[in-house]
Amino acid sequence: MKHTVISLLLLVSVTLNAQIQPGLVRTVSRPNSPSEKLPGVMLRVRGNHNAVMSAEDGAFSLLMQGLEPGQPYAISSVIKSGYQLREPEIIGRKQAFSTSVPLEIVMISTQVLMQEQARIEEKARANAESNYVKRLAELDEALAAAKMSNADYEAKLTALEEQYERFEPMLQTMSRYYALTDYDAQDSIANRINERIEAGDLDEAERLIKAKGEVSAREKQLKELEKMHAYMRNDLAKDCYHLFTICLERFENDSAEYYICRRAELDTTNVEYQLRAGQFLMIYRAKYDPAEMYFRRALRMAEAQYGAESGDVATALSEIGECHFRRGNYNEALDYLKRSATLSEQLRGKKSQAMAQSYSNLGALYSKTGKHKEALSNLRDALKIYEAVCAPDDKLIAQAQNNLGNALFKMQKYDEAKEYFDKALAGYIANYGEKYFEVAIVHNNLASIAFMQGRMADAEELFEKAVTIFTQTLGEHHPRTQQAKRNLAHLRSQK
């Protein structure tokens, strides 16, 4: 009897010391897909191996043993099949424990995200193609009117083609940003601006933004306030990103740079703002020194706000590594990419999309430096993880298969490369159908294998498919389309 009483007292003591962090999981709100409460989401807190599951109304309760309100904790995993976090960096990020303020977790269906991205990309590509053709006509007109020398014409034409080529990776980042925009978290004007940009109506989006006032005047107003108003600052930051998008699709590159950098400077503590500015300067402008400055600021802010062991830190380390990679500083790049991979594994485990991306980055670096064995090992690991954690038809699997095929092609292992290209082709078609630019990329890769193996008829048919799809999806003047045409012409000259 005495033993039983002691056990009961101990149980009561533990219960009193443990408090509850309430929370809610919901989906992203999109124009044609309102937010819904999300049941069946499994969550874990770092240091606590017991998982909790969200209820039918999306609610969950995290048991915080020994924590007082205001003390930090971190989520170690959020899992639901077919869904992904709107903000993956929340994993490992410090949160302030509260018994009264719920922790909101926002997720999105992977299928919805892919569909939204494809829709937004289609509109943006159409705008870019139209503006590219307009710029070409302006150059041709200037040359014909003797307002420009042949040398200047060639230089400007080359620069324009390079910008058009670099638009693609920037487009993927932009389309993801807009596809993940949560309409429930914005006011009606912000939602109208988003809708217009997603629909490709840039002129109307610009009109709505400028009706609020010029960016410089709004920024001056903020600085004159005794206290920075977070809502006004965030609203201006969103509009800077919208104007960046509009300028990028119009090939107004100096203005695009101005707006993405102004956004970063509006709030130098915002990690995401610094990362996006750095990515634009690195990928689109090849301005590596200022890009690295933004990445290092992001790293410092992430460490200060979320701790050294957070997803934001892993992302910043990876971006610094890519910056070194593009400069040709391969040893430095390897160091940062390995640090990012180690942290990603620590935060999310070996089987996570973040870890797969780390392996892909390392594989690309090893391939570039001729370390083919290491490249294949990392790229195979990336593919295995994507196959384990993604739906069978996920685009990420097709991308990993294509990357592995490219590495094998460089090693002249054509039969094995063809096997992975065939799988990638099937995956892209399953997701997007035949008329998708990445389908054309794989057709071009398969054509190159056929050409190297002497299967000229197959190569010609595949190059023709690539040209047709590139023309339909990217436009006749896009550098990828022109390169595919040159490949086809070269093959025909060999007959």
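Colleague: Where is A286 found?
Modeller: A286 is in the loop between α9 (271–284) and α10 (288–306). Helices here are DSSP runs of H or I with at least four residues, strands are E runs of at least two, and both are numbered from the N terminus. This is a predicted model, in which local features need pLDDT of at least 70 and side-chain atom pairs count only at pLDDT 80 or more, while totals for chains, interfaces and linings use all residues. Residues are numbered from 1 along each chain as its sequence is written, and side-chain values use heavy atoms, with hydrogens and water left out.

Colleague: What is the phi of A286?
Modeller: The phi of A286 is positive, about 55°, although A286 is not a glycine. A286 is partly exposed because its relative accessible area is 31%. Under 20% counts as buried, over 50% as exposed and anything in between as partly exposed, with a 1.4 Å probe and protein chains only.

Colleague: And Q412, buried or exposed?
Modeller: Q412 is exposed, as its relative accessible area is 57%. Q412 sits in the loop between α15 (395–410) and α16. Q412 is not a glycine, yet has a positive phi of about 65°.

Colleague: Moving on to α16, at what angle do α16 and α17 pack?
Modeller: Helix α16 (residues 414–432) and helix α17 (residues 437–452) pack at about 160°, and their axes are 9 Å apart. The axes are lines fitted to C-alpha atoms, for helices over the stretch in contact, and the angles, from 0 to 180 degrees, are taken between N-to-C directions. The two helices, α16 and α17, are therefore roughly antiparallel. Angles over 145 degrees count as roughly antiparallel, under 35 as roughly parallel, 65 to 115 as roughly perpendicular and the rest as oblique.

Colleague: Which residues of α16 and α17 make the contact?
Modeller: On the α16 side they include Y414, F421, L425 and Y428, and on the α17 side V439, V442, L446 and I449 are among them. Contact means heavy atoms within 4.5 Å. By class, the α16 contact with α17 has 12 nonpolar, 2 polar and 3 charged residues. Ala, Val, Leu, Ile, Met, Phe, Trp, Tyr, Cys and Pro count as nonpolar, Asp, Glu, Lys and Arg as charged, and the others, Gly among them, as polar.

Colleague: What about α11 and α12: how far apart are their axes?
Modeller: The axes of helix α11 (residues 311–327) and α12 are 8 Å apart, and the helices pack at an angle of about 160°. They are therefore roughly antiparallel to each other. The contact includes A314, L317 and S318 of α11 and Y336, L337 and S340 of α12. It comprises 11 nonpolar, 6 polar and 4 charged residues.

Colleague: S340 is a serine; is S340 buried or exposed?
Modeller: S340 counts as buried, because its relative accessibility is 4%. S340 belongs to helix α12 (residues 330–348). Neighbours within four places in sequence aside, S340 is in contact with A314, L317, S318 and S358.

Colleague: What is L248 in contact with?
Modeller: Beyond its neighbours within four places in sequence, L248 is in contact with F167, M170, M174, N253, A256, F280 and Y284.

Colleague: How do α7 and α9 pack?
Modeller: Helix α7 (residues 230–249) and α9 pack at about 15°, with axes 12 Å apart. That angle makes α7 roughly parallel to α9. N234, A237, F244 and L248 of α7 meet Y273, F280 and Y284 of α9 in this contact. The classes are 6 nonpolar, 1 polar and no charged residues.

Colleague: Last one: where does M64 lie?
Modeller: M64 lies in strand β4 (residues 59–65). M64 is buried, given its relative accessible area of 3%. M64 and I20 are 44 residues apart in sequence and 5.8 Å apart in space, C-alpha to C-alpha.
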